[in-house]
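Please look at the sequence and the model below. The paragraphs that follow go through the aromatic pairs and then the nonpolar cores.

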Amino acid sequence: MPVSLIPSFLIYCYVGAITPGPANLCSLSAALRYGKGPALRQWRGLFCGFFLDAMGAVVLTWLLGAALNQYVGMLSWVGAAYLLWMAWHMLRSSGVDPDRDPAAPSFRNGVLVQLTNVKVILFCITALSGYVLPYNSSLWALLPVGLFLPLTGPVCNLVWLFAGASLQKLFANHRRTVDIVMALSLVLCAASLVWPH
């Protein structure tokens, strides 16, 4: 990945990780309902599930890069389209009720949330195919980024876990403004993926 793309990549990681999604809302709900201990037990599962998603994305992206090297440029456009869809969805979503928690927090629940979390799967594949694969398709170039990705989402899960009540109020009172800022950040990330370097 060129050094010029690192700021865009980090913004992408931050926006993708901090915005509401299944894992963040599970962390918020678990901390509010059950306290820090059970929520941290679930968080360990979220981390392991995210790690498994990231390593699966590394292998999938590496195999795609090796088999379809001439189509790598198109993957950047697919990644940019996904980012634009995320921005559009963020502006149009009515929000998810964080109080809907059908099961008590557990390690197993955390792993299952992440393994079925389409946001995380697409987040990892987009990061690898958009920011690394166009410049280097080797497994050794993809692996460090794949190992970095689990430090993004789960860290932001912790933010939601520890500051859940205050973040919930912030999103409730200023949701539209926050959504607009996050959506614009995603549009900038999308543009940087396809803009000629």
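How many aromatic pairs does a search of the whole structure find? In this predicted model, the search finds six. F9 counts as buried because its relative accessibility, 6%, is under 20%. F148, with a relative accessible area of 30%, is partly exposed.

Another pair, Y12 with F123, is stacked, at 5.0 Å centre to centre and 15° between the planes. Here too distant parts of the chain are linked: Y12 is in helix α1 and F123 in helix α6 (residues 118-131), 111 residues apart. Both Y12 and F123 are buried. Ring pairs join F9, Y12, F50, F123, Y131 and F148 into a cluster.

Next come the nonpolar cores. The largest has 21 residues, and the members that touch the most others are F9, F123, C124, L128 and L149. Helices α1, α3 (36-67), α6 and α7 each give two or more residues to this core, and α6 provides the largest share, six residues. Leaving aside residues up to four places away in sequence, C124 touches F50, D53, A54, A57 and L149. A second core is separate and has six residues, among them A17, I18, L25 and C156.

Key:
Residues numbered from 1 in each chain as written. Predicted model: local features only at pLDDT ≥ 70, side-chain atom pairs only at ≥ 80, totals over all residues. Heavy atoms only, no water. Phe/Tyr/Trp six-rings, centres within 6.5 Å; stacked < 30°, edge-to-face > 60°. Buried < 20%, exposed > 50% of the residue type's maximum accessible area, 1.4 Å probe, protein only. Helix = DSSP H or I, 4+ residues; strand = E, 2+ residues; numbered from the N terminus. Core = buried A, V, L, I, M, F, W, Y, C linked by side-chain atoms within 4.5 Å. Contact = heavy atoms within 4.5 Å.
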